Amino acid sequence: RNTNLLFNAAVAYTQGGSANGLIAGTSPLYARSYGMMLVQQNVLGANDRLSFGVTKPLRVFDGFLNLATTTVDSEGYAHTGTTRVAIHPEGDETDFTVGYAKFWGDTTLAASFGYRQDADNLVRREDFVARVSTGVRF
């Protein structure tokens with residue numbers, strides 16, 4: 001009764017298109033996210049909550065752009081064409097969080113700590129986050 005296991009997932013689709021600019025067109029883009037969180041209530045006493053979460057934030061996994069590129073040949077003439085570029089990142093971010101919250105009537109005090117592996121979908125980029133918040137409902 002005091003423990004909840006939550007799951008979420010999303011898949012996103014963006015229709016491709018063509019254009020007359022630096023980006024000459026896109027294929028359809030596909031992205032996904034998913035995660036789970038374990039929430040335990042009344043851990044250290046009444047009206048508190050401890051949570052642990054693992055999530056994969058929204059990330060493009062399929063699609064490409066056509067970029068307009070210009071080259072100059074050996075005679076000095078410019079030639080413009082398109083280059084197909086994959087849009088999905090090399091990194092694959094994973095977020096780990098732990099949080100605690102205490103409730104007193106309409107007042108809340110909360111703290112959480114997070115770690116991001118491949119932060120911002122950049123390979124081997126890591127960061128840590130600590131948050132403290134308070135809230136009052138009236």
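A hairpin of 4 residues connects β2 to β3, where strands are DSSP runs (E) of at least two residues, numbered from the N terminus. The two strands, β2 (residues 17–18) and β3 (residues 23–26), pair in the antiparallel sense over 2 bridges; pairing of two strands requires that DSSP find at least two bridges between them. Within this arrangement, Ser18 stands opposite Gly25 of β3. Strand β3 also pairs with β6 (residues 64–72), again in the antiparallel sense, over 3 bridges. Here the bridge partner of Gly25 in β6 is Asn66.

The model is predicted, with local features requiring pLDDT of at least 70 and side-chain atom pairs counted only at pLDDT 80 or more, whereas totals for chains, interfaces and linings use all residues. Residues are numbered from 1 along each chain as its sequence is written, and side-chain values use heavy atoms, with hydrogens and water left out.

Strand β5 (residues 48–62) contains Ser51. Ser51 counts as buried because its relative accessibility is 15%; buried denotes under 20% relative accessible area, exposed over 50%, and partly exposed in between, computed with a 1.4 Å probe on protein chains only. With neighbours within four places in sequence left aside, Ser51 is in contact (heavy atoms within 4.5 Å) with Met37, Leu38, Val39, Thr97, Val98 and Gly99.

The loop between β9 (107–117) and β10 (126–136) holds Asn121. At 14% relative accessibility, Asn121 is classed as buried. A polar atom of the Asn121 side chain lies 2.9 Å from the backbone nitrogen of Glu93. When residues up to four places away in sequence are not counted, Asn121 touches Leu58, Arg59, Pro89, Glu90, Gly91, Asp92 and Glu93.

Not counting residues up to four places away in sequence, Val123 touches Glu90, Gly91 and Asp118. Between Val123 and Gly99, the separation is 24 residues in sequence and 26 Å in space, C-alpha to C-alpha. Gly99 is one of the residues in contact with Ser51.

Terms used. Polar contact = N/O pair within 3.5 Å; in protein donor to acceptor, adjacent residues only side chain to side chain.
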